[in-house]
Amino acid sequence: ANDFFQLPAGRLASPAAAAAAMASLFSSLLGPAATIEIAIGDEGERQQIELTRDNGKQEKVLLYVGDEDRIFGSAKVNITGKKLEHQGIKCELIGQIELFYDRGAHYEFISQSRELAPAGVLTEAFEADFDFPDVEKQYESYNGINARLRYFVRVTVARSFASNIVQERDLWVYVYPEPPELNNTIKMEVGIEDCLHIEFEYGKSKYHLKDVVIGKIYFILVRIKIKHMEIALIKRESTGSGPNVCNESETLTKFEIMDGAPVRGESIPVRLFLGGFELTPTYRSVHNKFSLKYYLNLVLVDEEDRRYFKQQEITLWRKVPGGMRHQPTQAYSGKREAAEAKQRAAKEKDIQDKLRKKKEKERKRREQHEKEKKEKDKKKKKKKGKDKDKDKEARKKDKKASKDDKEGKKAKKSKDKEKRKDKDKAKDTDKKRKRSGADDDDDA
């Protein structure tokens with residue numbers, strides 16, 4: 001009976017739970033038991049960018065580039081009372097993806113932890129250093145409509161009977177890949193059969209964030225009354241996968257590039273400066289959670305306000321700034337990507353070699369099969385020829401036997417005929433002799 005006491009709602013609670021509830025109540029009434037300050041070691045030397053929070057407020061965050069940029073600094077815990085009992089103090093470096101459409105689900109792709117202090121009691125301010133060297137920051141930070149990718153340092157003071165004291169500090173990461181080796185032009189013919197036929201051409205398919213999109217639009221066939229033509233830059237964010245894909249499109253800019261009806265053979269120039277917009281690079285399947293693509297949308301509007309449009313995807317990448325102190329480190333100078341590409345190429349080569357060997361084996365097997373088939377057919381043909389010769393010989397023999405048989409029969413028949421003739425002749429002779437004998441008797 002002494003281990004529990006009655007709560008106002010009529011439920012029983014243990015002393016530990018009651019103490020935690022009371023501590024949480026006093027914390028909410030009197031403020032937190034401690035505050036945490038996170039200082040970054042090279043904060044004064046590092047570039048900062050402005051980040052817009054969900055509440056619309058602007059906040060400056062430190063910019064990091066490359067895996068070799070170590071994240072180090074110190075965490076200071078200032079207690080507001082006489083003492084603070086805790087179950088340990090730790091510092092974490094977290095890289096996570098937040099999907100707002102998925103009830104704010106978090107997916108961590110980096111999680112490193114450092115213990116700053118074991119469980120104990122703080123009676124004065126506590127300060128400790130942390131260091132996270134050689135952290136693989138493979139993705140660029142992103143703050144979008146339905147997805148957010150963030151890196152942050154989190155310091156936690158763990159407590160038993162009260163809520164933990166947590167402080168986070170965001171960091172921003174840029175990714176600088178090597179310039180694309182292949183950058184083909186975009187050339188495409190589109191239109192409506194027997195009504196409209198246009199050809200548009202852009203100088204490149206991949207642009208850096210401060211680049212200029214230069215192109216031309218040729219009118220090959222025009223049989224509809226076009227009022228004007230406009231071009232738009234569209235950003236499309238895709239989150240999720242399979243049937244749960246959520247797409248959000250945002251038109252970053254739209255402007256008119258032609259006013260009035262074009263004629264056949266007319267060429268309209270296109271020039272779009274990307275440096276005036278807040279752009280991020282193209283992201284393709286970031287940790288299999290979200291993607292970001294950019295499109296140039298060409299729209300033609302006729303006199304009846306019907307709209308004809310064609311979208312073309314372009315790839316954006318972040319170029320190394322000219323005034324940068326050092327070149328991007330291994331992940332972002334393309335070495336890691338090159339190594340991965342090399343591994344993929346080796347893997348692809350192995351697959352191709354296996355396929356080639358398999359095809360070669362199959363080809364040899366087919367050749368052997370064909371050869372065996374030919375030999376078999378040849379033997380069969382030879383055997384058939386021999387059988388044919390045998391049959392021919394047998395037929396000749398049969399024919400000869402038949403002929404001999406016929407000749408034998410004929411000879412026998414003629415012999416029988418001769419015998420019959422002789423017999424008949426002998427009979428006639430006997431008759432004549434008898435008749436002459438009878439005549440002689442009569443004369444006598």
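**Core, rings and confidence**

Modeller: The largest nonpolar core has 70 residues. Ile89, Leu116, Leu149, Tyr202, Ile217, Phe219 and Met229 have the most contacts inside it. By nonpolar core I mean buried Ala, Val, Leu, Ile, Met, Phe, Trp, Tyr and Cys residues joined through side-chain atoms within 4.5 Å. Buried is under 20% relative accessible area, exposed is over 50%, and partly exposed is in between (1.4 Å probe, protein chains only).

Colleague: Ground rules before we go on?
Modeller: This is a predicted model: local features need pLDDT of at least 70, side-chain atom pairs count only at pLDDT 80 or more, and totals for chains, interfaces and linings use all residues. Residues are numbered from 1 along each chain as its sequence is written, and side-chain values use heavy atoms, with hydrogens and water left out.

Colleague: What is Ile217 in contact with, leaving aside neighbours within four places in sequence?
Modeller: Glu199, Phe200, Met229, Ile257, Glu266, Ser267, Ile268, Val270 and Leu298. Contact means heavy atoms within 4.5 Å.

Colleague: And what does the second core include?
Modeller: That one is separate and has eight residues, among them Leu51, Trp172, Tyr174 and Tyr176. As background, nonpolar side chains in soluble globular proteins tend to be buried together.

Colleague: Zoom out. How many helices and strands are in the chain?
Modeller: Two helices and 24 strands. Both are DSSP runs, numbered from the N terminus: helices are H or I with at least four residues, strands are E with at least two. The chain has 444 residues, and 33% of them count as buried. Take the contacts between residues at least 6 apart in sequence: 66% join residues at least 24 apart.

Colleague: Where is confidence lowest, and where highest?
Modeller: Lowest in strand β1 (residues 5–6), with a mean of 38. Highest in strand β13 (residues 147–157), at 94. The score is pLDDT, the predictor's confidence in each residue, from 0 to 100. The chain average is 82, and 86% of the residues score at least 70.

Colleague: Which stretches stay under 50?
Modeller: Residues 1–14 do, and the model has 13 contacts for them beyond four places in sequence. Residues 26–30 do too, with two such contacts. Where pLDDT is low, the predicted coordinates should not be read in detail.

Colleague: Aromatics next. How many pairs does the count come to?
Modeller: Eight aromatic pairs. The rule takes rings of Phe, Tyr and Trp (its six-membered ring) with centres within 6.5 Å; planes under 30 degrees apart count as stacked, over 60 as edge-to-face and the rest as tilted. Phe109 and Tyr139 have ring centres 5.1 Å apart and planes at 80 degrees, so they are edge-to-face. Phe109 lies in strand β9 (residues 105–117) and Tyr139 in the loop between β11 (126–132) and β12 (142–143), so their pair ties together parts 30 residues apart in sequence. Both Phe109 and Tyr139 are buried.

Colleague: And Tyr142 with Phe290: what sort of pair?
Modeller: Stacked, because the centres are 5.4 Å apart and the planes are at 15 degrees. Tyr142 is in strand β12 and Phe290 in strand β23 (residues 290–302), so this pair ties together parts 148 residues apart in sequence. Tyr142 and Phe290 are both buried.

Colleague: Which residues do ring pairs link into a cluster?
Modeller: Phe109, Tyr139 and Tyr151.

Colleague: Which charged ends sit over rings?
Modeller: The charged end of Arg236 sits over Tyr295, 4.6 Å from the ring centre. That of Arg318 sits over Tyr174, at 3.7 Å. The test is NZ of Lys or CZ of Arg within 6 Å of the ring centre and within 35 degrees of the ring normal.

Colleague: Asp170: buried or exposed?
Modeller: Buried, because its relative accessibility is 9%. Asp170 is in strand β14 (residues 165–174). A polar contact of 3.0 Å joins its side chain to that of Arg150. Polar contact means a pair of N or O atoms within 3.5 Å; within protein, one must be able to donate a hydrogen and the other to accept it, and residues adjacent in sequence count only if both atoms are side-chain atoms.

Colleague: Last one. Where is Asp134 found?
Modeller: In the loop between β11 and β12. Asp134 is exposed, with a relative accessible area of 62%. Its phi is near 55 degrees, a positive value in a residue other than glycine.
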